[in-house]
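Look at the structure first, then read on.

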Amino acid sequence: MRVQRLSLRDFRNYSAADLDLRSGVSVFQGKNGQGKTNLVEAVYALAHGRSHRLSHLSGLIRKGADSTIVRATVVSGDRSLNFEWEINREGPGRHQLSGNLVKALDFSRSLSVVMFAPEDITLIRGEPVARRGYIDDVACSLSPKLRGTLADYDRTIKQRNSLLKSLRLNRRETTDYNTLDIWDQKLVSLGAEIVTARENTVSLLRPFLVNRYATISGTNDDITVTLHMSVTTVDAPYAQSFADQLRERRADDIDRGQTTVGPHRDDLNLSLNELPAKGYASHGESWSFVLALRLAELDLKRSHGPAGDPIVILDDVFAELDSQRRMHLAESLLGVEQVLITAAVEEDIPESLRLFVTRISDGKILDESVA
Ligand SMILES: Nc1ncnc2c1ncn2[C@@H]1O[C@H](COP(=O)(O)OP(=O)(O)O)[C@@H](O)[C@H]1O
Ligand SMILES: [Mg+2]
């Protein structure tokens, strides 16, 4: 699929921008802080319902404005859809698909994006939350309604934690223990659903990842990815084990005012030649791993995602890579219908990808130049 036309109103540092986009590769070049990431973030956010670098949607609204509108015409095969997303500082937002009011989920069902960004190095070097975010995003792209299950789970954890804190102060309120039982049951059923989706996604990703890593690194290094569950399941099914462990840890959880077991503590184990990538992989190996994770995501969304062939965004990633990885990445993207690349330094991008370059300066999109 591809975005044919993109319009932004009061989005980040753009007051108004209207842009026709081609199929194939487009490069957006500009100095730092001009709005390159903001531009591609609009496409990413449309597909994911959130920013890749900000937890509050209101940050997407231009400073001083009350609302923003992102519009995109997306072409997929012979189908064309008009996406329109309004975000308001006060009050709810609004999603429209070709003129009909829809839910955010419906955008994810019809628009697929894979983005590579410099912050992706946290997939290897960062905390578990980055890797959970990755696997959950991929899992949600296969099954968009999982997004709701994850939100429900997070809400329940917050409710349970605040109850734990109040029990710590006042241990004799028996009705509160009944409420705790209810939260626990809810966590167990939502958690089982989340873990099943994660496990399923990891097994689907694995063969793509191994393949992509071999190509990107040009080695026979052995890489593995597994889901590291916080709940230990030795001889009981997941739900039973999770329920048991919540009960066993209840007193401890009350002391800490926190839920110490569950999918919110899961991680992905990524290893290279039997050593954890985190802490052992070199800078270059870590980047090969990151590229392989994103390319595997592309492969999986393409083969299993409901929305079809993803649009690929490379936000300032070539600057992070050596010349061999740049070349391999460029080759890996052959056949992708639309690739949007941003860079501060044009020469960082392999020449084969630099046919059409658009300059960006201070929230304005200047004319395209053709090589
Ligand atoms: N909500 C906002 N309103 C106005 N300006 C913003 C907003 N969010 C970010 N910016 C500005 O956008 C610029 C960064 O744009 P960005 O796309 O990240 O730059 P780059 O071209 O380096 O990728 C900064 O100057 C920042 O202050
Ligand atoms: Mg940027």
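Q: Does Glu274 count as buried or exposed, and how many C-beta neighbours does it have inside 10 Å?
A: A residue is buried with 20 or more other C-beta atoms within 10 Å of its own, exposed with 12 or fewer, and partly exposed in between; C-beta atoms are placed from the backbone. Glu274 has 9 such neighbours, so it counts as exposed.

This is a predicted model: local features need pLDDT of at least 70, side-chain atom pairs count only at pLDDT 80 or more, and totals for chains, interfaces and linings use all residues. Residues are numbered from 1 along each chain as its sequence is written, while chains are lettered from A and ligands numbered from 1 in the order in which they are written.

Q: Where is Glu274 found, and what is its phi?
A: Glu274 is in the loop between β10 (267-272) and β11 (275-276). Strands here are DSSP runs of E, at least two residues, and helices are runs of H or I, at least four, numbered from the N terminus. Most residues other than glycine have a negative phi. Glu274 is not a glycine, yet its phi is positive, near 65°.

Q: Which loop holds Asp362, and what is the phi of Asp362?
A: The loop between β14 (356-361) and β15 (364-370) holds Asp362. Asp362 is exposed, because 11 other C-beta atoms lie within 10 Å. Though not a glycine, Asp362 has a positive phi of about 50°.

Q: Which residues come nearest to ligand 1?
A: A residue is near a molecule if its C-beta atom, placed from the backbone, lies within 6 Å of it. The shell around ligand 1 divides into 1 nonpolar, 9 polar and 4 charged residues. Ala, Val, Leu, Ile, Met, Phe, Trp, Tyr, Cys and Pro count as nonpolar, Asp, Glu, Lys and Arg as charged, and the others, Gly among them, as polar. Of the 14 residues around the ligand, the nearest are Asn13, Lys36, Thr37, Asn38 and Lys63.

Q: How far apart are the C-alpha centres of domain 1 and domain 2?
A: The bounds come from an automatic or database domain assignment. That assignment gives domain 1 (1-112 + 309-371) and domain 2 (117-306). Their C-alpha centres are separated by 28 Å.

Q: Which element gives the most to the side of domain 1 that touches domain 2?
A: The contact takes 20 residues from domain 1 and 21 residues from domain 2. Two residues are in contact if their C-beta atoms, placed from the backbone, lie within 7 Å. On the domain 1 side, α2 (104-110), β12 (311-315) and α11 (323-332) each supply at least two residues. With 4 residues, the one that gives the most is α11.

Q: Which residues touch the most other members of the largest nonpolar core?
A: A nonpolar core is a set of buried Ala, Val, Leu, Ile, Met, Phe, Trp, Tyr and Cys residues joined through C-beta atoms within 7 Å. Domain 1 and domain 2 both give residues to the largest one, so it lies between them. Of its 93 residues, those touching the most other members are Val43, Leu46, Phe289, Ile313 and Ile341.

Q: How far apart are the end C-alpha atoms of helix α10?
A: The expected span is 1.5 Å times one less than the number of residues. Helix α10 (residues 283-304) has 22 residues and should span 32 Å. Of these, 16 are buried, so α10 is largely enclosed by the rest of the structure.

Q: With which residues is Asp120 in contact, leaving aside its neighbours within four places in sequence?
A: Asp120 is in the loop between β8 (113-116) and α3 (122-125). It has 23 C-beta neighbours inside 10 Å, so Asp120 counts as buried. Beyond its neighbours within four places in sequence, Asp120 is in contact with Val290 and Arg294.
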